[in-house]
Amino acid sequence: YSTCKNVEGVCTFGRNTGYAACMANYITPTPIVGQTQPTPTPVPVCTYGPYAVPGRVEAENFTCGGSGVAYYDTTVSNQGSTYRTGESVDSQATRDIGGGYNVGWTRAGEWMKYRIGASLAGKYNLVVRTAATATTGKFRIKIDGVDVSGQVSVPVTSGLQVFRDVIVPNVSLTAGQHTLELVIAGDGANYNYIFSKNVSKNAHF
């Protein structure tokens, strides 16, 4: 049994006494004049996303929530220590076109999640900007937990700051918000950003 307080006092409700009937006369307590009311704790707002699709998502701008929710990294500290230093994802300043940061020191099993919003349903090419000096670099792309790319090998470039595009073609998206996940499937590659382009018939962007 449970209780609630109405204008007649305390009402016990259970199998034979309706909660709705009890609550019909429920009185909201009147604040005491001069009494300090507690200040509500503000709910943190995540400024990392949703990112517009078509458009560009920076690899270092994974969503909020910390390790196990927004990302998983095999090291506790941010080895680059140049951006979002309170997070474990390793990042560094990039020398790629446009500047900014890239995710580096990647290891198999790591992942990062991004909130995206597709303006139109259709098929999209996802262009992943990568750099690697060994053939071990590999990744997968998931949308809402579903693998849409299979394992993709990162081509070897002439340096870890020499980036090139790797295209994941014809990814179907419905209009609205989704979670994009970059899963690291092999060690050693750097990731700068993921650019999405609508390639559906009659698409204008």
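User: Over residues 5-9, what does the pLDDT stay under, and how many contacts beyond four places in sequence does the model have there?

Analyst: This is a predicted model, in which local features need pLDDT of at least 70 and side-chain atom pairs count only at pLDDT 80 or more, while totals for chains, interfaces and linings use all residues. Residues are numbered from 1 along each chain as its sequence is written, and side-chain values use heavy atoms, with hydrogens and water left out. pLDDT is the predictor's confidence in each residue, from 0 to 100, and over residues 5-9 it stays under 50, with 10 contacts (heavy atoms within 4.5 Å) beyond four places in sequence. Over residues 12-16 the pLDDT is also below 50, and that stretch has 12 contacts beyond near neighbours in sequence. Where pLDDT is low, the predicted coordinates should not be read in detail.

User: What is the mean pLDDT of the protein chain?

Analyst: The mean is 88, and 82% of the residues reach 70 or more.

User: Why is Val154 called buried?

Analyst: Buried means under 20% relative accessible area (exposed is over 50%, partly exposed in between, with a 1.4 Å probe and protein chains only); Val154 has 4%, so Val154 counts as buried.

User: Which residues does Val154 touch, not counting those up to four places away in sequence?

Analyst: Among them are Thr130, Phe139 and Tyr191. As for Gly188, its C-alpha lies 9.6 Å from that of Val154, although the two are 34 residues apart in sequence.
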